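Here is a short report on a two-chain structure. It takes one chain as a whole, then turns to the parts of the other.

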Amino acid sequence: MSAIPEGILYSKEHEWVRVEHGVCTVGITDYAQSKLGDVVVVDLPKVGARLEYMKPACSIESFKAVSDVYSPLSGTVVEVNPEVSKDPGVVNRDPYGKGWLFKLKPERLEEEVKLLLKPEEYRRLIEGLSDA
Amino acid sequence: MVRTPLYPVYADRARFIDFYGWEMPLWFSSIEREHMAVRRNAGVFDISHMKRTYVRGKRAADYLDYLCGAKPSALKKGRLAYTHVLNERGGIIDDGIVFRLAEDEFLFVTNACTTQRMSSWMTEVAVRGGFEVELEDRGGREAMIALQGPTSLSVLKDTTGLDMVSVRKFECVPYSRLLVSRSGYTGEEGVEIVGPSQDVLEVFEGLLGKGVEPCGLGSRDTLRLEMGYPLACVDFNEETNPYEMDAQRFLDFTKKFIGREALENLKPTRLLKGVITDDRVVLRGGYTVECSPDVRAKLTSGTLSPVLGKGIGLGFFPTSVETGSRVSVEIRGKTYSATVVRPPFIKK
């Protein structure tokens, strides 16, 4: 069963976002990494890039396929995870921790947060899909 | 989708894919882990989905000599040969391995993707050529596995008691109700084992019990790509001739075979070559390779080599493009430098 930690929010495209002190950390969910298989190349966004709610922010590539990562919030990228470029497998091993992808400063936090899924809602979403 | 007789062993422990109508494991743990297990220790693959035809009768050898580019009649009992089956235009219908089991009995293992075509073709050739042969496909009564890796022979001995060390490469021996050959599609030491489903299942479970890594089609593809082995229906099809695959050494022109006349008039204008990138990127079939401002090629297959950490791929290049040429591969709007090479990509 896929891990779906509390305390973070989820998108329909299988990203998670943690909101802390005005900075939001984004990654992909355990369900997403298990479907992708070995993550071998990650194309992170540039620091300073402007991202839009649920538009492609960057891409993740596994042996199987290339997948777009959508930004769960609109905002500006303030940091990207250097670990991920060195060791893309960290996204598989620790998708909610060391495998975070980028941090952004949100523009429309209050409004967009309402559109994201709570852990229980995300669990229902993936239970409706094919097996993780 | 159809499942192999070994499916119950791994039903709840694999990520599956639809492979030409077969529900096959793509990976069990991860493609990279399975790939490296085969390169360093041992991995075991379910390859029961491949087509297997037993060819029997006094004219079995003559029939196969006519059907195939190689010369199965020249094989001694217990020897194997890699061969192509061509159409009248010299195009490759399939490739496969012929095993000589006895004077009048052979086993021909060919690809899952061409099963229908080969079934019809083999029957048609027997009828048209007036060869009275028995063609038998044992379907789900039979299973096949491949055990590959540097420690494969020793774990095989531990598990079954069978010592294959004194059996030469491309030779096979019967063992109880099984047929065991020193062969494979990974470039490593190893065996392929075929026989009644229950017998193969027991060996499969025994090997897993001894810690052999279960491996799926994902790692089977990355392993064969590192060796530069082409894959039917992906790298070649009936529009491809053996010269374009640099496969003339597998053709025996001392005997009559289907496609021989067409081949005598063919000169290849393109050749299947390898491409390796400078950077760590994943190459895929369909990507465009720019060799020069007006020469472009397309990859037929590709991946990221787990051993080399570089993108590797196969593709047909005009004969004017030399090995060693520097080229660039286009991937989603960006270009990456690469070199044209003669496979294998890794040394074995």
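Helices (H or I, at least four residues) and strands (E, at least two) are DSSP runs, numbered from the N terminus. On that basis chain A has 5 helices and 9 strands. This is a predicted model: local features need pLDDT of at least 70, side-chain atom pairs count only at pLDDT 80 or more, and totals for chains, interfaces and linings use all residues. Residues are numbered from 1 along each chain as its sequence is written, while chains are lettered from A and ligands numbered from 1 in the order in which they are written.

**Chain A**

Along the sequence, chain A reads β-β-β-α-β-β-β-β-β-α-α-β-α-α. Its C-alpha trace spans about 35 × 35 × 20 Å along the principal axes. The radius of gyration, taken over C-alpha atoms, is compared with a globule rule of 2.2 Å times the number of residues to the power 0.38. Chain A has 14 Å, which agrees with the value near 14 Å for a compact globule because the chain has 132 residues.

A residue is buried if 20 or more other C-beta atoms lie within 10 Å of its own, exposed if 12 or fewer, and partly exposed in between; C-beta atoms are placed from the backbone. In chain A, 43% of the 132 residues count as buried. Two residues are in contact if their C-beta atoms, placed from the backbone, lie within 7 Å. Among chain A contacts between residues at least 6 apart in sequence, 64% join residues at least 24 apart.

**Domains of chain B**

Domain bounds come from an automatic or database domain assignment. Chain B splits into domain 1 (1-268) and domain 2 (269-348). Their centres, taken over C-alpha atoms, are 27 Å apart. In the contact between them, 19 residues of domain 1 of chain B meet 21 residues of domain 2 of chain B. On the domain 1 side, helix H2 (31-40) and helix H7 (217-227) of chain B each supply at least two residues. The largest share, 5 residues, comes from H7(B).

H7(B) is mostly covered, with 9 of its 11 residues buried. Among them are Leu217(B), Arg220(B), Asp221(B) and Glu226(B). Gly228(B) follows H7(B) and has a positive phi, near 75 degrees.

**Chain-to-chain contact**

Here 11 residues of chain B meet 6 residues of chain A. H2, H7 and strand E16 (295-304) of chain B each give at least two residues to the chain B side.

**A sheet in chain B**

Two strands pair if DSSP finds at least two bridges between them. Five strands of chain B form an open, antiparallel sheet in the order E5-E6-E7-E4-E8. Strand E5 (80-86) and strand E8 (134-136) of chain B are the edges, each pairing on one side only. Strand E4 (residues 51-56) of chain B runs antiparallel to E8(B), joined by 3 bridges. Arg56(B) stands opposite Glu134(B) in E8(B).

Two helices pack on this sheet. Axes are lines fitted to C-alpha atoms, for helices over the stretch in contact, and angles run from 0 to 180 degrees between N-to-C directions.

| Helix | Strands touched | Angle |
|---|---|---|
| H3 of chain B (residues 60-67) | E4, E5, E6 and E7 of chain B | about 130 degrees with E4(B) |
| H4 of chain B (residues 115-128) | E4, E6, E7 and E8 of chain B | about 65 degrees with E6(B) |
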